[in-house]
Structures are given as structure tokens and as C-alpha cells.
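Here's a quick briefing to read alongside the coordinates. Have the sequence and the 3D view open while you go through it.

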Amino acid sequence: MTPSPESGFLTYALAAGLWRLGAQHSWLDTATTWCWSQIEAIDKPVGYTVKFALQFLDAVPDPARAAAAIELLRPAIREDGTVPVEGGIENEHIKPLDLSPRPNAPSRALFDDSTITAELQRLEHEQLDDGGWDFDFLHYFAGQTVEWRGLTTLAAIRTLREHRRI
């Protein structure tokens with residue numbers, strides 16, 4: 001993965017998590033201001049910046065502003081609902097349910113119902129014989145594979161559960 005100039009993955013993700021928890025802290029205020037300025041200034045949104053910016057926009061308590069910012073990210077999404085990852089493995093892309101895993105999230109406006117239904121079916125069928133799911137980016141070494149398979153499995157179960165598939 002090659003970081004892009006507008007990368008803010010960690011700040012977007014941390015601010016999103018803190019907003020979902022209902023936290024109140026001066027760090028969150030500063031981070032939120034920074035996230036808004038970065039997202040609203042994005043010229044050509046790419047890869048993981050889109051994923052983590054959407055996490056922030058789904059969590060921040062400013063629905064009108066979030067909806068407008070989500071539309072700024074729409075050009076990054078291909079017709080099949082995915083976002084390519086430049087600098088990743090060959091044909092690496094971020095799937096719709098990785099971009100918008102929760103039903104009724106503001107980011108869901110980026111996808112039609114048929115795309116989400118097809119993605120839920122794909123996710124169900126990607127479960128491996130051992131009960132887990134695998135990730136679709138570079139497997140660097142065994143320890144990383146074990147860690148990310150666990151995280152990917154938990155995310156798949158959460159997504160399927162929130163969509164009443166399990």
C-alpha cells in the first residue's frame with residue numbers, strides 16, 4: 001500500500017470510534033476539525049482514505065455535513081461499488097461492505113440495494129471451511145495472517161449479524 005498525500009487513516013478511524021462511543025475530549029474536537037478539513041478538500045479521493053473517511057462520516061454527529069461530504073467521495077467508487085487500492089496487490093480493491101458495513105449508515109447512500117444484497121451473498125459464500133474469513137490484501141507473514149484473519153472474521157460476523165443474515 002502506498003500512502004497518498006491526503007492520508008489520515010488513523011485519525012479518521014480513531015475519531016470515528018470515539019464518536020461512536022460518545023466520547024468528549026479536546027483531542028476529538030481537534031481531530032474532528034482536521035478530518036472535516038481534509039475530507040472537504042479532497043480533490044481525488046483514493047483507496048483506504050475513502051474507507052476510513054467514510055467511517056468518520058458515518059459516526060460524526062453532523063448528518064447534513066456528513067451527507068454532503070459523502071458525495072465528495074462518490075467519484076472514487078467504481079461502477080461495481082468498489083474502490084481500487086493503488087500500490088496494493090494486483091487488482092486489490094475495497095468492497096462495498098468494507099466501505100459501508102452497517103445498514104442505515106449515512107455512507108449507504110453510495111450503494112443501491114442490489115449491490116448490498118449481492119455483497120452480502122458474496123460475504124456469506126466466502127466463509128472458509130474452518131469457519132473464518134480471509135482478507136484480500138498482501139499476506140506478509142504468518143503472524144500478520146493470523147491477526148488479520150481474526151479481525152476479518154469478526155468484521156464479517158458483525159456485518160452479517162447487523163444485516164440479519166445470522
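What follows covers a helix, its aromatic neighbours, the salt bridges and a surface patch.

This is a predicted model, where local features need pLDDT of at least 70, side-chain atom pairs count only at pLDDT 80 or more, and totals for chains, interfaces and linings use all residues. Residues are numbered from 1 along each chain as its sequence is written, and side-chain values use heavy atoms, with hydrogens and water left out.

**Helix H3**

- Helix H3 spans residues 47–59, and eleven of its 13 residues are buried (under 20% relative accessible area; exposed is over 50%, partly exposed in between, with a 1.4 Å probe and protein chains only).
- Helices here are DSSP runs of H or I with at least four residues, strands are E runs of at least two, and both are numbered from the N terminus.
- Among the buried residues of H3 are Tyr48, Lys51, Phe52 and Leu57.
- The buried residues of H3 pack against helices H1, H2, H4 and H5 plus strands E1 and E2, with contact taken as heavy atoms within 4.5 Å.

**Aromatics**

- Rings of Phe, Tyr and Trp (its six-membered ring) pair if their centres lie within 6.5 Å; planes under 30 degrees apart are stacked, over 60 edge-to-face, and the rest tilted.
- By this rule there are seven aromatic pairs.
- One of them is Phe9 with Phe52, tilted at 35° between the planes and 5.6 Å centre to centre.
- That pair links helix H1 and helix H3, with its residues 43 apart in the chain.
- Phe9, Tyr48 and Phe52 make up one aromatic cluster, and Phe52 is buried at 18% relative accessible area.
- The charged end of Lys51 sits over the Phe52 ring, 5.5 Å from its centre (the rule: NZ of Lys or CZ of Arg within 6 Å of the ring centre and within 35 degrees of the ring normal).

**Salt bridges**

- There are eight salt bridges, each a side-chain nitrogen of Lys or Arg within 4 Å of a carboxyl oxygen of Asp or Glu.
- Asp136 and Lys95 form one with an N to O distance of 2.2 Å.
- Asp136 sits in the H6–H7 loop and Lys95 in the E2–H5 loop, so the pair ties together parts 41 residues apart in sequence.
- Lys95 is buried at 11% relative accessibility, whereas Asp136 is partly exposed at 34%.
- Glu162 also bridges to Arg102, with the closest N and O atoms 3.9 Å apart.

**Loop between H6 and H7**

- Leu138 lies in the loop between helix H6 and helix H7 and is partly exposed at 40% relative accessibility.
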